[in-house]
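Let's walk through this protein together, from its overall layout to a pocket and a pair of rings. Have a look at the sequence and the model before reading on.

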Amino acid sequence: MINVWAVSQLLEDTGALTAEECKKATPFCLSACARLSKRLKDIKYEDEPAVITACAGLALYNYTLLQCISQVDFSSFKAGDVTISRSASATFESAVKFRDEAMLGATPYLTDVDFVFKAVEI
């Protein structure tokens, strides 16, 4: 199976999630690893950086979706008169973009489950 720790660490290293958020997102990382492990063309691809990134993108997307649904305030930082905050919609859009680009990068290592070719009778 794809390394869950590597996926979680990637989310923290890229700054997508804080260390505390990564702990909360561990079930999403585990789910993404299990889901994409089933789609690998070969087990030797489970350590490919593109596959790890795809798992991270999928986990981040699902974690962010849950946060948006539950309307949890993502983050806000105040220093003197300056306040920096992230909106839920902007965070979700970033997660969607990250997931889509990561999945696209992993396509050489994954089987396509979204395309079905069937014969049509006339």
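A word on residue classes comes first: Ala, Val, Leu, Ile, Met, Phe, Trp, Tyr, Cys and Pro count as nonpolar, Asp, Glu, Lys and Arg as charged, and the others, Gly among them, as polar. Please also keep in mind that this is a predicted model.

Let's begin with the overall layout. The protein has 5 helices and 2 strands, and from the N terminus its elements follow the order α-α-α-α-β-β-α. Along the principal axes, the C-alpha atoms occupy a box of roughly 70 × 40 × 20 Å. Of the 122 residues, 30% count as buried. The accessible surface amounts to about 8000 Å², with 57% of it belonging to carbon and sulfur atoms. If you take the contacts between residues at least 6 apart in sequence, 71% of them join residues at least 24 apart.

Now for the empty space. Rolling a probe the size of a water molecule over the atoms shows where such space is left. The largest pocket holds about 290 Å³. Its lining is made up of 14 residues, and those closest to the centre are Arg 35, Arg 39, Met 103, Val 113 and Asp 114. Two or more lining residues come from each of helix H3 (26-37) and helix H5 (88-105), and H5 provides the largest share, with 4 residues. Which classes do the residues of this lining divide into? With the grouping above, there are 6 nonpolar, 2 polar and 6 charged residues.

Helix H5 comes up again when we turn to the aromatic rings. A search of the whole structure gives 3 aromatic pairs. One of them is formed by Tyr 61 and Phe 92, a tilted pair at 5.6 Å centre to centre with 40° between the planes. This pair links distant parts of the chain, since Tyr 61 sits in helix H4 (residues 49-69) and Phe 92 in helix H5, 31 residues apart. Are the two partners buried or partly exposed? Tyr 61 counts as buried because its relative accessibility is 17%, under the 20% cut-off. Phe 92, at 24%, is partly exposed.

Finally, let's visit a loop. Ala 16 lies between helix H1 (4-13) and helix H2 (19-24). Its relative accessibility is 21%, so Ala 16 counts as partly exposed. Ala 16 and Leu 60 are 44 residues apart in sequence, yet their C-alpha atoms are 7.8 Å apart in space.

Methods: Residues numbered from 1 in each chain as written. Predicted model: local features only at pLDDT ≥ 70, side-chain atom pairs only at ≥ 80, totals over all residues. Heavy atoms only, no water. 1 Å grid on protein atoms, 1.4 Å probe; cavity = no way out; pocket = protein on both sides within 12 Å on 5 of 7 lines; lining within 4 Å. Points joined across faces, edges and corners; volume = space filled by probe spheres on them. Buried < 20%, exposed > 50% of the residue type's maximum accessible area, 1.4 Å probe, protein only. Contact = heavy atoms within 4.5 Å. Areas by Shrake-Rupley, 256 points an atom, 1.4 Å probe, with all protein chains shown as cover. Phe/Tyr/Trp six-rings, centres within 6.5 Å; stacked < 30°, edge-to-face > 60°.
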